[in-house]
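This report walks through a few local features of one model, from helix packing to a metal site and backbone details. Please keep the sequence and the structure in view while reading.

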Amino acid sequence: MFALDDLAKLFDLTIREDNLAGGLTITARSQAIVLTPGQSLASVAGRLISLPAPPVRDGRAWFVPVDFVPRALSPALGTPLDLRKTSRLIIAGNIRVPRIGSSVEALGPMVRLIFDVAPQTPHAITQDGNRLVVKFEADSLDPVLPALSAPDLVQAVRPGDGASIVIDLGPRFGSYRTSDLPGDRGSGRIIVDVIAQPATTAPGAPPAPTPPVSPPPATSPPPLLDLAPTGGIRTIVVDAGHGGTEDGAHGPGGTLEKNVTLSVARRLKAALEARLGVRVILTRDGDATVDLDERAALANNNKADLFVSLHANASVRTSASGAEVFYLSLEDYGDQAQRVAKGETEAVPVFGGGTRDIEVILWEMAQARYIEKSADLAKDVEAAMRERVPMSPRAIQQAPFRVLVGANMPAVLVEMGFITNADQEKQLISEPFQSSIVQAIVDSITRYRDRVAGPKPAGEIAAPARPGGAP
Ligand SMILES: [Zn+2]
């Protein structure tokens, strides 16, 4: 809330308390705003507007909800007042202060910086010595800039003079290129690719270690042309199965499932971001051990819209082959989860009661609410994969996979093929096969998004509580 006295100083308001009626009259440029204690309705120049909460008196001071500024004060003053809660700014008048969100990703010998600018604002990008400067035609900027971990290419991204952003380049900088794309609802997206010089091996330097499986595609960045509006899907978590001390399944030729899943996950991230313009988060981007519940928690904490877990299958029958797509079976998770999934109970058990903005639901109930959407997604993934890679006779199945149960969004698990089958093992580590899988999943998510992805279920429910202890 704002103290009314502070607003009075800023906007030259006069405040008069009506002791008889207990009301407050605020005069702003000869227009009257009338507030009544205990009521969230206010009158502005004779018109009723609603506030999220009533005004509150604390001692001699009055406090009003922050939305009083755009909803009541702005019409009374006849001036646009733009309230930016996250950056704690009130922007008065018609000055141009675009909001800038940003993200960064390392794509092999390149760092891609993505700036989402709302509203879309004309800008120019120039190189000035060891800096790139993105200069906007604006009065000021309201930026959230990314943290970086690629100091050899990009040392920092920081606000510059006036309405500009400076990208400080590192010693490996070779070249850069930029593209502009339309974003959602009048926003714009600026992509700046900072590209490293070709590597030169120093004399006597040891050869670089060879990665176990092909690295993510890095030579030519994927095309950005078919970037469509993201619809209901903004963030996708891609889960590379196993990792660290957990090898997953072993192939007869020595291939480890954990390396195949990581390689495909990295490719999938790059492709989804380029083709769909969504944010993709990997549950691991290295050979790390990650607990199953942590993987779903990462997706929940980032409010992901989809969760895709990648695996390679194993069977004692070495001829078993083909891909399979799974969504969660609730059989192991009790009657309550099944009733939630069937819509037989309205009440999802929550901690903390129904009046809070953020409710906490039981871990084992999270995926139950999305079973139908997960089934839809699984069907799309299965159909798209069938067009590109061999499928198992049981191509779509339900199973009680732990990694899916806590995911508070549609979630599927893809077994890309049988690593225990010698022929499939060779496919799984090959570039063309991995690309086919990636292409199929991108296609299926595009279809899913266009077909069913709507708003989340009523009552935005945040990250489920993580149960204590191991899964
Ligand atoms: Zn696995």
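## Helix 6 against helix 9

Helix 6 (residues 371-386) and helix 9 (residues 431-451) have axes that come within 8 Å and cross at roughly 135°, where axes are lines fitted to C-alpha atoms, for helices over the stretch in contact, and angles run from 0 to 180 degrees between N-to-C directions. Helices (H or I, at least four residues) and strands (E, at least two) are DSSP runs numbered from the N terminus. Helix 6 and helix 9 are therefore oblique to each other; angles under 35 degrees count as roughly parallel, over 145 as roughly antiparallel, 65 to 115 as roughly perpendicular and the rest as oblique.

Residues of helix 6 that meet helix 9 include Lys373, Asp376, Leu377 and Asp380, and their counterparts in helix 9 include Ile437, Ala440, Asp443 and Arg447, contact meaning heavy atoms within 4.5 Å.

The model is a predicted one, in which local features need pLDDT of at least 70 and side-chain atom pairs count only at pLDDT 80 or more, while totals for chains, interfaces and linings use all residues. Residues are numbered from 1 along each chain as its sequence is written, and side-chain values use heavy atoms, with hydrogens and water left out.

## Helix 3 against helix 9

Helix 3 and helix 9 pack at an angle of about 45°, their axes being 9 Å apart, and this pair is therefore also oblique. On the helix 3 side the contact includes Val260, Val264, Leu268 and Leu272, and on the helix 9 side it includes Ile437, Val438, Ile441 and Ile445.

## The zinc site

The zinc ion has as its protein donors His242 (NE2), Glu257 (OE) and His311 (ND1), which lie 2.0 to 2.2 Å from it; donors are N, O and S atoms within 2.8 Å of the metal (3.2 Å for Na, K and Ca), and since water is not among the atoms, sites may look incomplete. Along the sequence these donor residues follow the spacing H-x14-E-x53-H.

Histidine 242, at 21% relative accessibility, counts as partly exposed, whereas glutamate 257 is buried, with a relative accessible area of 3%; buried means under 20% relative accessible area, exposed over 50% and partly exposed in between (1.4 Å probe, protein chains only).

## Backbone details in loops

A cis peptide bond, with omega about -10°, joins alanine 118 and proline 119, and proline 119 sits in the loop between strand 12 (110-118) and strand 13 (123-128).

Aspartate 12, although not a glycine, has a positive phi of about 60°, and at 66% relative accessibility it counts as exposed.
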